[in-house]
Amino acid sequence: MTPDLPAFAAIVVAAGSGSRAGGAKQWRMLGGRPVVRWSVEALLAAGAADVVVVVSPGAEAQAAAALAGLPGWRTASGGATRADSVRNGLEALGGPDDRPVLIHDAARPMLGTAVIRRVIEGLNGADGALPGLPVADSLRLASDGVVSGAVERDSLWRAQTPQAFRLGTIVDAYAAWPAGEVAADEAAVVERAGGRVVIVEGDPRLMKLTFPEDFAMAEALIPRQTRVGQGFDAHRWGPGTSVWLCGVEIPHDQMLIGHSDADAGLHALTDAILGAMGDGDIGDHFPPTDPQWKGASSDRFLIHAVERLAARGGRLVNVDVTLICERPRVKPYRQAMRERLADLLSLPLDAVSVKATTTEAMGFTGRGEGLAAQAVATIELTGS
Ligand code: MG
């Protein structure tokens, strides 16, 4: 939160069809979160008191799903043009004329508090403020691929969003805008009405997702935190004909006894992933007292942990499981186990390790009373 900033409101324009980016990009996932959610979260974190998200008519349910759990936002319906969409957003917003309003493209998800602060502070003594970047590359005129001259770049800037105005200024400027003309952005509308718009320092990370390949670049910009979790499990041997280990059934003259299928490898691995997230343990999520897990395939426990991770915007990096027993011999099944885990976890094979050891006849595993498993999982969570 930034309590020293004046109270402000925001309009996030998410009504585009995104044809150049290959579909409506505002709903696509980026770092485990819908694109539009990044901007709304950033505005709320900076203290926005009121956020209007302008969506195409009929996309309200998509917005509700994408922004689930966030407070302080509502939708307005988009119009035929961007200007119509912004006008609808302003109408939905309302409020006193001197209220600072930030107007932002949902397609610029990498919004940070610093830029929000700069555009709001830029409003002191100006009718509008936009974040801009100087042009670093030299500029050339060309036609049919042949250079025909240079362009002086010192007075050129790349305009970004959010652009900040006082509510009365932007509403009046739109009212004065000539019908039928297309404005480059809101700053152009205020300039045409005679307003003074200043440029404040933008942010290269605030790139607009325009082409399909922009998503890969944006993914690489997301701050990620690496975490490690470990898990341990043991089950007792009992009479049987096969044993489940790491999702693979191995013929054996005993089975492991447990409430579920007693796959200690999958249980240890599930706990490792939950542990890396700080999200409790397998017993919290699947209580052994609950009859619905009796005899259950442990695949579903692991998949549940991976889904919890995805919901947090995280991803698995690698896993390493060690099975501890005298019998059965694990080695002939190791490759099948790795392939099964890689499949369940959507990981490449070289990110999945299954190892086995004995305890040289010592302890409960050595005496053949039970089997134990240890696992380590590395994850990445988005956010710093
Ligand atoms: Mg267990």
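The radius of gyration is taken here over C-alpha atoms, and the rule for a globule is 2.2 Å times the number of residues to the power 0.38. A compact globule of 384 residues would come near 21 Å by this rule, but the protein chain has 28 Å. The C-alpha trace spans about 85 × 50 × 35 Å along its principal axes.

The model is a predicted one: local features need pLDDT of at least 70, side-chain atom pairs count only at pLDDT 80 or more, and totals for chains, interfaces and linings use all residues. Residues are numbered from 1 along each chain as its sequence is written, and side-chain values use heavy atoms, with hydrogens and water left out.

**The chain as a whole**

The protein chain holds twelve helices and 19 strands. These are DSSP runs numbered from the N terminus, where helices are H or I with at least four residues and strands are E with at least two. Of the 384 residues, 48% count as buried. Buried means under 20% relative accessible area, exposed means over 50%, and partly exposed lies in between, using a 1.4 Å probe and protein chains only.

The accessible surface of the protein chain comes to about 18,100 Å², and 53% of this belongs to carbon and sulfur atoms. Such areas come from the Shrake-Rupley method with a 1.4 Å probe; for residues, only the protein chains shown count as cover. A contact means heavy atoms within 4.5 Å. Among contacts between residues at least 6 apart in sequence, 69% join residues at least 24 apart.

A136 is found in the loop between strand 7 (128-134) and strand 8 (139-143), and A136 counts as exposed at 67% relative accessibility. The C-alpha atoms of A136 and M362 are separated by 68 Å, and the two residues are 226 residues apart along the chain.

**The magnesium ion**

The protein donors of the magnesium ion are D233 (OD), H235 (NE2) and H267 (ND1), at 2.1 to 2.2 Å from the ion. Along the chain these donors follow the spacing D-x1-H-x31-H. H235 in strand 13 (residues 224-239) and H267 in helix 8 (residues 264-277) are 32 residues apart, and the pair links distant parts of the chain. Donors are N, O and S atoms within 2.8 Å of the metal (3.2 Å for Na, K and Ca); water is not among the atoms, so sites may look incomplete. H235 is buried, with a relative accessible area of 15%, and H267 is buried at 7%.

**Salt bridges**

A salt bridge is a side-chain nitrogen of Lys or Arg within 4 Å of a carboxyl oxygen of Asp or Glu. The count by this rule comes to 19 salt bridges. The table gives examples.

| Pair | Closest N to O |
|---|---|
| R99 and D50 | 3.5 Å |
| D105 and R108 | 3.6 Å |

R99 forms a salt bridge with D50. The pair links distant parts of the chain, 49 residues apart: R99 lies in the loop between helix 3 (82-93) and strand 6 (100-105), and D50 in strand 4 (residues 50-55). R99 is buried at 17% relative accessible area, and D50 is buried at 14%.

R327 lies in the loop between strand 17 (315-324) and helix 11 (334-345) and D253 in the loop between strand 15 (248-251) and strand 16 (254-257), so the pair ties together parts 74 residues apart in sequence. R327 is partly exposed at 44% relative accessibility, and D253 is partly exposed at 48%.

The loop between strand 15 and strand 16 also holds H252, which is buried at 9% relative accessibility. H252 and R327 are 75 residues apart in sequence, and their C-alpha atoms are 8.6 Å apart in space. Leaving out residues up to four places away in sequence, H252 touches W237, G240, T241, S242, V243, R327 and P328.

D105 and R108 are both buried. Together with R82 and E186, D105 and R108 are linked in a network of salt bridges.

T161 lies in the loop between strand 10 (157-159) and strand 11 (163-166) and is buried at 4% relative accessibility. Residues touched by T161, beyond four places away in sequence, include D105, R108 and P131. A polar contact of 2.8 Å joins the side chains of T161 and H104. A polar contact is a pair of N or O atoms within 3.5 Å; within protein, one must be able to donate a hydrogen and the other to accept it, and residues adjacent in sequence count only if both atoms are side-chain atoms. A polar atom of the T161 side chain also lies 3.1 Å from the backbone nitrogen of D105.
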